[in-house]
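Student: Could you walk me through how to read the packing and contacts in a structure like this one?
Tutor: Gladly; let us open it together.

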Amino acid sequence: MKKNLNRYGLKGPAGTIHKLFLFMKITGMILMFGFFDLPATPAYYLNDDEQQKLTISGKVTDSKTGEALPGVNIVVKDVTLGTNTDMDGKYSIAVPDRDAVLVFSFIGYTNLEMPVAGKTVIDVALVSQLQNLDEIVVTAYGTQKKNTLTGSVSMVKGNVISKIPVPNISNSIAGNVAGVTMRPNGGQPGYDNPEIFIRGIGTTGDNNSPLIIIDGFRRNNISQLDPSSIESISVLKDAAAVAPYGLGGANGVILITTKKGVTGAPTLTFNTYYGWQTPTYYPDLLNAKDYMKLKNEAYLNANPGSPDAELPFLPSMVNDYDNLHAQDPDRYPNSTARDLVNMVAPVQNYNMQITGGTEKMKYFAGIGYFKQEGLFDQVNYSRFNYNINLESKVTKTTTVSLSVISSMERRNDLDPSEDAVHMFRSAYKYLPIHNLYYTNGLWGQSSGNAPAAVLNAGGWDKRDLNTVLSSLSIEQQLSFVKGLSIKGAVSYDSNSGFQKGWHTPWYYWVQDLSTTPYSYDRRINPKEGGDAPAYTYLTQQNSRGQAITLQGYVNYQRTFGKHDITGLFVAEGRETQGSFINARRNNYVVSIDEINMGSSDKNDFDNGGSSEIGTQIGYVYRLGYVYNNKYMAEASGRYDGHYYFAPGLKWGYFPAFSLGWRLSEENFMKNITFINNLKIRGSWGKSGNLAGDPYQYLSGYNLVGSQYAFGSGTMVPIAYSPQEANPNITWEISTKTDVGFEATLWNSLLTVEADYFFEHRTGMLLPPAITVPQEYGLPLADENAGEMENNGIELTVGSRRELANGLKLGFIGNFSYAKNKMVQVYETSATYDNPNRRRTGRPYLTPFGYKSLGLFSTADDKNNDGVINSEDGYNITQFGELHPGDIRYADLRGQNGDLTPDRVIDQNDEVSIGYPIYPEMSYGFTPTAEWKGFDLSLFFQGSARASLRTFGFQTVCFRNDNSDTDYEYLNNHWTQDHQDAKYPRADLGPTANNGNDLETDFWMKNTNFLRLKTLTFGYTLPKSVLNSLKISNIRAYCSGQNLLTFSNLKYMDPETGAYDDVGTSYPLMKSFTFGLNVTF
Amino acid sequence: MIKFKIIRNIALTGLILAGTFSCNQEDFLETTNKGTLTDLTMWASESNADIYLNYCYSLLPDKPGNPDYLDNFTDDNDVSEYYTSYNWKKGIVNAGSDYFGAWGSQVGPAMEANWAQTYKQIRACNTFITNVNKNATNFSEEYVAKRIDEARFLRAYFYGELFTLLGGMAIITEPQDRATMTEDQLYVPRSSFEETFNFIISELDAVINNAKLAVKYSSGAADAGRATLGAALALKGWIQLFAASPAYNSASPAVPASPDNLQSFATPDQARWADAAETNKKFIDTWGHKGSGEYNLFPKMTEFWREANEYNEEVIWDRQYVATTMPNNFDVWGGGPTYVLNTYICWGNYSPTQQLVDEFQTADGKNITDPTSGYDPQNPYVNREHRFYNFVVYDGASYKQEWMPTEDIIRYRIDQVHPSLNEVDYGGGDVGNTGYSSKKMINPYYTPSELNGQNFVYTRYAEVLLNYAEAQNEAVGPDVSVYEAVNAIRTRPGTDLPELQPGLSKSEMRDAIRHERRIELSYEAKRLYDLFRWKIAEVNMNFDLQRIVITNTSPADNSGVWVYTPTSLDRPHNFTQKMYFVPVPQGAIDQNPKLKQNWGY
């Protein structure tokens, strides 16, 4: 028995876990053998009693510092023996014979193979990977050597990403990888995936997101991954890198590789963190007194000279309000909508991983749990993950891998007739002079909003998503042609969704002040606009999705003297299916949230469902040639077929070519010793992008149920043609050109990588407006007519230095700039003919509006009648009546392209008023320091050249009918005594008759920002302490996220989620966390 | 042994590769789109084809579903600055805008009948007619005749909706097909006002003369809601009355005549009044209260719109609504006062102006301007006609809907002692600003919610009577039949007004009919067309509309008297001549250069 354990390299206190994994391994083997016949006599079961024994010992050190390296894995190649170095870097291992080969591996160092060759003492020095130029980079359908790579690929290690305490990595790629920008979508737990762009936005179409590949298969499951299960992330940017993804690659590709087993004794790692989140910015709404004062001010603006008795609030009462409120808070409320929100929301994460194995069998298993609370009690997100990866060399030439990545997610939200995001709008709309809660604990409403009722009604919305990503691959070296291997891989991914929502009527209480004590009547709140039914209902939806991908690889890799030749051919087929069914029932008499417990009247029933299927086939190739590690040439591409398009138009070909030259290998450079590596490279190629919807080539009638009624309300279905088909519809084509260089100087003291890229996107879908008149009455399917250009640069700089006193300093920084331009885009003659308004030639989503000339002052009102008009010499017609404190617009143009101003402000006066909302520039930098067990890392991220329309609750007086206002407005608005103000004068309504609410540069603000995204400070216990604990590593750390933000916007988050009504989105969070990493 | 292993490994791996790609690639990529029906199935049977006709019906304008209800554009109602109607009243109407929504658009009252939407509706009808004819062998003869008449009626209705706002239209009677049609067939110019009018009338005549449709459906009939002969004849009578009106049929039309006569008749002809009178008379004499009696005035106006009374004898043409699944949202925008029993219930959009309120007569049928009426401006809400109390909520009104446990006294006055939630706040919240709310058409059983399944009535018999009276008065003068028609409405049980005073001049009768029309059809999306066709918008819409301000002479303790002061609403009112018509959207002209723009745009 002991022998067997030894064979697995298992020993020590973790024996029970070993048994567990032995079990799992066997299970895995059984699974694999279901697919692949068991070899007759596997090497695995060779009886090592037959082997002759020899014991080798030695010491492992760092090649540069000479320091001993503890914990280095040492195995005998092709045999299942292994050990680790001790605290002094020393080891001892028994080998079967004199010809054995020892393999030394250690994280952060290059593997080293050392033939025993009869020696009994073998000391080795491992080379740190920082100095290693043979780094392997994950690329499309395989891996390539970094030093001879000719495409533009950025890679970041999983341990960098997993340091950031966010639920999923999509929030932490930007700033860590050059060329990646993002735009957050608010901070609601489970719904906070940002939009990610690679090299900016290259298309005007809806599909502008990168392709996500996980472990070699297309899987849009970035948010389902446990960050700590990630080994590395590669971002593929240029044509050479993305061409193998054919019509999926034009927007760039993110390749995520999950962790695999590492040879050696089992390593058990435990990570946890617990933290507290709070909004980065939360609105500062007026209290009752200031609200009433502002209301009176606005009333006086609209009705100058009104006596006190006519004002909305008697000034005497307002002045005495604090006192009145103290005496009778129910009659004189002073509500704070912030009371609805839990300003501190915990977040917690637990994660355990085990890895180990031998040359024959490596395993990795991880299990994790994450939970993030929201700003309301009912709102939260939780995720349970597990993943297993087994890799077995079943014969000397055959490798079988099995991987399962699974997650179970739950998103909880408020009542199905409400959502957490809308609650923030309700909070702005809650007037402080209305009771949020009465002193007796009951709650009230304000203008149709009863947010407290929503929180207290007991309604809920639950969304579960269970995902299993499984894959199996078999790789076979073909010994009859050296360097040739084939691989078959299959993935089966499935998800099942379950959604259930329970609405109960929202009650609130109306206060009757005429009784003593005050009396309270219960009422139903229909929500502003009447969207919340006064009856109880239940909705339920079940959905399922699956994707099957089959891949067949032929790989060739061989070196003939100075010639390195690589060839890759992959055939890939993929089928996706999805379906859902939903049901609803209304009018529950009994309060049991089961679908059958509702009304039995069929009019209270509803159901629906649909299904879809999609297929794709692709043939990928990559041919590489490297001469003497110096000159590189590569051709890659894909022949791709997709079900979206008409027969005969389903197939496309996307080729790419690239060249590289490592100058540092040239003789004339050899003397320049400070240059370790210098490479220039260039690529050109095409890739595609799916746009629009499938089947746009087919005409047909859509059938929709219950759209009209006859008789006594009998609902009938309808059928209609949504559009005229475009039989020629096809994909977008992106033609990408890239040139770049990479340099490593002074032994990694400085690494630099820089790229310039140019992309020309054609075939973007545009409405073919000019083909038929509007009277045609049927929309035409879009045509592939749009064109856009996108270019920019990226720069990555890294530096690492270790001082004599042991202080290690590091720095990684990156910078991305991408600017696009619409070359061919649909626009009307009205905008095209006016250069100020022309969309063509400008960046996509450029905002347009009126140019403002500041606010009118009282000096502009020459006759002092409170109105600015021709009597004051102002002869320009704006919008309605103008007053001091209203926005003055520039009259730039006349009608129909007339260049002379026409004294009327209208659409002809529009100009471009800012940058698009997504940033043109994005950058990040991470200084790190380590010293005597302490480690400090600061991750800064910033972006520039993006605009936001700030017109919203924070900047506008009474933004919406009956809404409160922010102190940002109150403290900065125009009054007679504050003429040089940031915001216009107070009006009773936001769109009062003055045009202040229009699209104008007045409201556009640059959202340039730099923020300390993550600060981590950790301490690793010294080895001396750990040795006594039999623990190999303990690190405790504290971390903060979004702790500091430098931005011109002081009152809202520059990355605020909402594009339209800013400030009403779910806030982004800052957090403080404490964490612990333990490795056994 | 080794060799065997190699061969086996190759074989197995090859099998995987082969398994991946052995299937026919084109078959694999050929997936079925189950979401759509083909031409073959769509027209295969009567029941299938009906599904398409259902679509044509579903395109009937959802007038009450639009928060910027058509009466917002008139002198009857005041609504806040968010709305398209507010821009329009400011004088902002922009052919370049292609946003036809309710909020802040610059398209004027074209929202519900805009160019693109109308031609979508017309194409739907054309598609049905063409395909049913083409596949006639799949249907019974009776089906073809009846359903095509329904589609022709719908098409005429859709044409009429845009014609009455925009003038001459491009007349297209079959679905255009760019693959087969010539440019001339695709790019159709606008027909003149007269040609468009003639087309609509001839289509309706065809439907009426075919006589394949039912005259009327009663409540409970399975086909209730489908087009009827009654609807066709009433629509014809309305279009004829509209076209005969001075804005289009006079020496000085609403806007200057163009060479193409797109917005008025080339030659004014008073005989058009007689045509309109004849059609409306035919309705009254054939199916109305003077004929078979299928159509008549409903005796209880206060309950006219209730779901229980759908398809009552007065309903001629309506749009269907069904509680929960296809609700009528009219109430949500303005179902009476904003606060009832201290409860917020609606947006308060339907706020009658002082001008509309002043139009209501006293109980004895006199205008309040009549010195003998006994009207007291400081006690204005007593002794008014029944319709005032049925339609309008005013300060001090008792309000009791079926859903309310108790009645509520609604207060709009400015009261510092007992402030009311409904107090006019001028620009602040959802509370209306005129001091009045309209309660006409509101579902009494529910607070505004998706439970309102009341149908929206486009045309009712009272309008036919008023159409007749107006046309006959203009054509012949105030003869007995004119009096009869107007008096039928005035003396309806529940309205109970005295008959019109005998001996009115033609002009006095005209005023009486216009008055009656404004009150009887108020808040039924009718007033705007009257403002246009009577050419009175330049006066009525350039008037500083008013609200009522009610204050106490001793505001601190209410010990004084309550003073009623009609006060300016201070809303913009800038009606220019071009606004008698909506523009052709610039986008439509860009796409079809043959289209001519309306005058002034």
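Tutor: We will go through aromatic pairs, cores, the chain interface, salt bridges and some backbone features of this predicted model.

Student: Let us start with the rings. How many aromatic pairs are there over all chains?
Tutor: A pair of aromatic rings is described by the distance of the centres and the angle of the planes. In this structure the count over all chains is 95 aromatic pairs. Take B:Phe283 and B:Trp287: the ring centres are 5.9 Å apart and the planes stand at 90°, so this pair is edge-to-face.

Student: Are those two residues, B:Phe283 and B:Trp287, buried or exposed?
Tutor: B:Phe283 is buried, with a relative accessible area of 0%, and B:Trp287 counts as buried at 11%. For another case, look at B:Phe360 and B:Phe388, whose centres are 5.5 Å apart with planes at 65°, so they too are edge-to-face. B:Phe360 lies in the loop between helix H13 (354–359) and helix H14 (386–391) of chain B, while B:Phe388 belongs to helix H14 itself, so the pair ties together parts that are 28 residues apart in sequence. Both B:Phe360 and B:Phe388 are buried.

Student: Which residues should I select to see an aromatic cluster?
Tutor: One cluster in chain B includes B:Tyr69, B:Phe153, B:Trp317, B:Phe330 and B:Tyr523. Rings can also meet charges. The charged end of A:Lys487 sits over the ring of A:Tyr553, 4.5 Å from its centre, and that of A:Arg839 sits over the ring of A:Phe848 at 3.7 Å from the centre.

Student: Now the nonpolar cores. Which residues have the most contacts inside the largest one?
Tutor: The largest nonpolar core has 178 residues, and those with the most contacts inside it are B:Phe128, B:Phe153, B:Leu154 and B:Trp317. Helix H7 (residues 141–166) of chain B gives the most to this core, with 14 residues. A second, separate core has 43 residues, among them A:Tyr291, A:Leu311, A:Tyr967 and A:Tyr1051.

Student: What is the area buried between chain A and chain B?
Tutor: The size of an interface is often given as the accessible area lost when the parts come together. For chain A and chain B the buried area is about 8,200 Å², with carbon and sulfur atoms giving 57% of it. In terms of contacts, 102 residues of chain A touch 93 residues of chain B. On the chain A side, A:Tyr701, A:Tyr708 and A:Glu775 lose the most area to chain B, together 11% of what that side buries.

Student: And how many salt bridges cross that interface?
Tutor: Two salt bridges are found across the interface of chain A and chain B. A:Glu724 forms a salt bridge with B:Arg178, with the closest N and O atoms 2.5 Å apart.

Student: Is A:Asp461 buried or exposed?
Tutor: A:Asp461 is buried, with a relative accessible area of 5%. Its salt-bridge partner is A:Arg463, the closest N and O atoms being 2.8 Å apart. A:Arg463 counts as partly exposed, at 31% relative accessibility.

Student: Last, the backbone. Which peptide bond is cis?
Tutor: The bond from A:Thr516 to A:Pro517 is cis, with omega near -10°. A:Pro517 lies in the loop between strand S24 (506–512) and strand S25 (519–525) of chain A. For phi, visit A:Asn628, which has a positive value of about 55° although it is not a glycine. A:Asn628 is partly exposed, with a relative accessible area of 27%. A:Asn864 has a positive phi near 60°, and this residue is exposed at 66% relative accessible area.

Technical notes
Residues are numbered from 1 along each chain as its sequence is written. Chains are lettered from A and ligands numbered from 1 in the order in which they are written. This is a predicted model: local features need pLDDT of at least 70, side-chain atom pairs count only at pLDDT 80 or more; totals for chains, interfaces and linings use all residues. Side-chain values use heavy atoms; hydrogens and water are left out. Rings of Phe, Tyr and Trp (its six-membered ring) pair if their centres lie within 6.5 Å; planes under 30 degrees apart count as stacked, over 60 as edge-to-face and the rest as tilted. Buried means under 20% relative accessible area, exposed over 50%, partly exposed in between (1.4 Å probe, protein chains only). Helices (H or I, at least four residues) and strands (E, at least two) are DSSP runs, numbered from the N terminus. A charge sits over a ring if NZ of Lys or CZ of Arg is within 6 Å of the ring centre and within 35 degrees of the ring normal. A nonpolar core is a set of buried Ala, Val, Leu, Ile, Met, Phe, Trp, Tyr and Cys residues joined through side-chain atoms within 4.5 Å. Contact means heavy atoms within 4.5 Å. Buried area is the accessible area (1.4 Å probe) that two parts lose on being put together, summed over both. A salt bridge is a side-chain nitrogen of Lys or Arg within 4 Å of a carboxyl oxygen of Asp or Glu.
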